[in-house]
Amino acid sequence: MKRSHFFMTVMTVAGTGAVISAMLFCFYQNNGGSDREDAGIYRDTAARYGTLTAGITRTAQLSPGMTRQTFDLDIESSAEVPSPGLQVEEVLVSTGQKVQKGTPLFRLTADSVQGVRAVLQKNILETSRECELLETVQEKLRLQASQAYDSAVVDGKYAGAVYSSRCDALQKKADDAKEAVDRRQDQVNEHLLELTRLQQELVKAQKYLKDAETAVNENYSERYQNAYYYAVYENTRETARQMAARIEDQIESLTEKNEALLYEIDEATRAYHQIVQDLEREKLAAKMAQDTEIYDSKTASERYDIQISSLDSSLQEAEGRYQSALQDIRTFDARIVRGQLLSGYDGVIAEITMEAGDIVGTNDTLVTLYDRDAAAMEVLLSEEEYSDIDQNEAAVITFSEYPDMICEGKITSAGIDPAKACCRVTVTIQGEVPGICGEMAGDVTFLTDEAKDVLYVPRSAVCTDDQQPYVRMRDKKGNIVKKRVMTGISDGIYVEIVKGISEGDIVLAAGV
C-alpha cells in the first residue's frame with residue numbers, strides 16, 4: 001500500500017506584478033496609510049544636541065515577498081475506489097483581504113470532501129489489513145527461511161560436482177563450434193587445390209585456343225582451295241573454345257562455392273569466438289556460483305537470522321504506513337473543517353487562483369498572500385561605500401507615507417554588478433511591519449560613523465524645496481512658516497542641523 005501524504009506548503013517568490021502591488025497598495029492606503037503631511041497633521045518637536053550616528057542613505061523601491069499556499073494530497077488509487085479531487089463550491093475570500101491562519105478560504109462540495117475522505121479511510125483499512133496479513137504469514141515465512149537454510153547447506157556439499165558438470169557441457173559446445181569451423185576450412189582447402197588444377201588446365205586450354213585461332217587466321221585466305229584443312233582448324237578452334245569456357249565455368253562455380261564457404265567460416269569463427277567468450281564468462285559465473293553456494297552453506301545460519309529480522313522490519317514498516325494513514329486523515333480533518341478549506345498562513349490575499357467549479361489537485365496553488373516577513377529593498381553602493389559600512393549592523397529604513405514608523409533592515413545578500421561597477425545590496429525588513437506595500441519607496445540608511453554634540457531634529461521635520469532643505473515652524477500668530485536650514489549627517493531617523501535653528505527651537509514634524 002502506497003503511503004499517502006497531506007500537507008500545506010509555502011514558497012517565497014521574488015517580485016510582484018503591477019496589478020497585485022496596486023491592490024495591496026490600495027488596501028493599506030484604505031487602512032490608515034494616507035498622506036499625513038498633505039492633510040496638515042504635525043507634531044511639535046524641539047531641536048536638541050546629542051550624539052548622532054552618520055550613515056549612507058539610498059532611496060529604493062520596496063519589493064514585498066509573496067507566500068504561495070499550495071495543496072498537496074497524495075492518495076493511492078485503486079480500481080474499486082479511484083482518487084477523487086476536491087471541488088470548489090464557493091470562494092470565501094477576496095483579493096486584498098487580510099486573513100489569519102485558520103481563516104476559511106473556500107467552501108468545498110460535500111460530495112468531493114466525502115469522496116476524498118473515503119479514499120483516506122480506505123488507506124487506513126488497507127494498511128490495517130496489511131499488518132494483519134503480515135502477522136498471519138510470518139510463521140510461513142519463518143518456515144521458508146528455515147528450509148532455505150537447509151537447502152544452502154546441501155547445495156554447499158554438492159557445489160563442486162555441479163560446477164564440473166556445467167563446465168563439461170560448456171566445453172562440448174565450444175568443441176562442436178570449433179569442429180564446424182575446421183570442417184568448412186577443409187572444404188575450402190579442397191576447393192583451392194581443385195582451383196589450382198583448373199587454373200593450370202585453363203592456361204593450357206587458352207594456349208590451345210590461341211594456337212587454333214592462329215591456324216584458322218593463317219589459312220583463312222585459302223579456305224576455298226584447302227577447305228578440308230580449314231574445316232579441321234575451325235573444329236579444333238571450337239573445341240578449344242568450349243574446353244576453355246567449361247574450365248572457366250568450373251572455376252567460377254568453385255570460386256562462388258569458396259566465397260560462400262569463406263562467409264560461413266567467418267560466421268562460424270565469430271560464433272566460435274563468441275562461444276569461447278561465453279564459455280569463459282559462464283565458467284567464471286559457474287565458479288562464482290560454486291563459491292557462493294559454499295559461502296552460503298557456511299553463512300546459512302547468519303542469513304537465516306537476517307531473514308527473520310527482515311520479517312520483523314516488514315511488519316514495522318506496515319505499521320508505520322498504518323500510522324501514516326491515520327495521520328493523513330487527521331491532517332485532512334484539521335485543514336478541511338465543515339467543508340471549508342482553511343488558510344495555513346497569516347497575510348493579505350494578493351491573488352486567488354481557484355474559482356467555483358475548479359478541482360483542487362496535488363500541488364495546486366490555492367492563494368497567493370503578501371508576506372511581510374520577506375519584504376526587501378535593493379540599493380546600489382560603490383565598493384568604497386560598501387567597505388565603509390558595518391555589514392553586521394542593522395540598517396534603518398523609513399517611509400515617507402509613515403514618518404513615525406522606523407524599520408530595521410538586515411543585509412541578506414550583496415554582490416558586485418559588473419555592468420554598473422558597484423555593489424548590489426539587498427536589505428530585508430526585519431519583523432512584521434503593518435501598512436507597507438509594493439507601491440512604496442523608502443530610504444535605507446547604513447550606519448558608518450558617530451558625531452557627538454551635534455544639533456539634530458527628526459528626519460520627518462526636514463523638507464526640501466528646489467533641493468534646498470527647510471523646516472516648518474510657527475510664527476507668533478501660530479501660522480506655519482518655512483525656515484531654511486543647512487543639514488549635515490543623518491542616521492535615517494534624525495538629521496543634523498548645521499545652521500538655521502538653535503537648540504530648543506520648536507519645529508513641526510510630519511505625523512502625530
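The sulfur of Cys422 sits 7.0 Å from the closest cysteine sulfur, which belongs to Cys423, and that is too far for a bond. A disulfide would need the two sulfur atoms within 2.5 Å. Keep in mind that this is a predicted model. By this rule, the count of disulfides comes to zero. For anyone new to the term, a disulfide is a covalent bond between the sulfur atoms of two cysteines.

How exposed or buried is Cys422? With a relative accessibility of 9%, Cys422 counts as buried. Cys131 is buried too, at 8% relative accessibility.

Now for the whole protein. It has 512 residues, and buried ones make up 36% of them. The secondary structure comes to five helices and 21 strands. If you look at contacts with a separation of 6 or more, 79% of them are between residues 24 or more positions apart. The accessible surface is about 29,200 Å², and carbon and sulfur atoms account for 49% of that.

Which strands form it, and in what order? Five strands make up an open sheet that runs E7-E8-E6-E4-E10, with antiparallel pairing. E7 and strand E10 (359-360) are the edge strands, each pairing on one side only. In general, strands of a sheet pair through backbone hydrogen bonds, either parallel or antiparallel. Zooming in on one end, E7 and E8 pair in the antiparallel sense over two bridges. Ile336 has Leu341 in E8 as its bridge partner.

Arg338 lies in the loop between strand E7 (336-337) and strand E8 (340-342). Arg338 has a positive phi of about 50°, although it is not a glycine. What makes that worth a remark? Most residues other than glycine have a negative phi. Asp453 also has a positive phi, near 55°, and is likewise a residue other than glycine. Asp453 is found in a strand, namely E15 (residues 441-458).

| Residue | Relative accessibility | Class |
|---|---|---|
| Cys131 | 8% | buried |
| Cys422 | 9% | buried |

Terms used
Residues numbered from 1 in each chain as written. Predicted model: local features only at pLDDT ≥ 70, side-chain atom pairs only at ≥ 80, totals over all residues. Heavy atoms only, no water. Helix = DSSP H or I, 4+ residues; strand = E, 2+ residues; numbered from the N terminus. Buried < 20%, exposed > 50% of the residue type's maximum accessible area, 1.4 Å probe, protein only. Contact = heavy atoms within 4.5 Å. Areas by Shrake-Rupley, 256 points an atom, 1.4 Å probe, with all protein chains shown as cover. Pairing = 2+ DSSP bridges.
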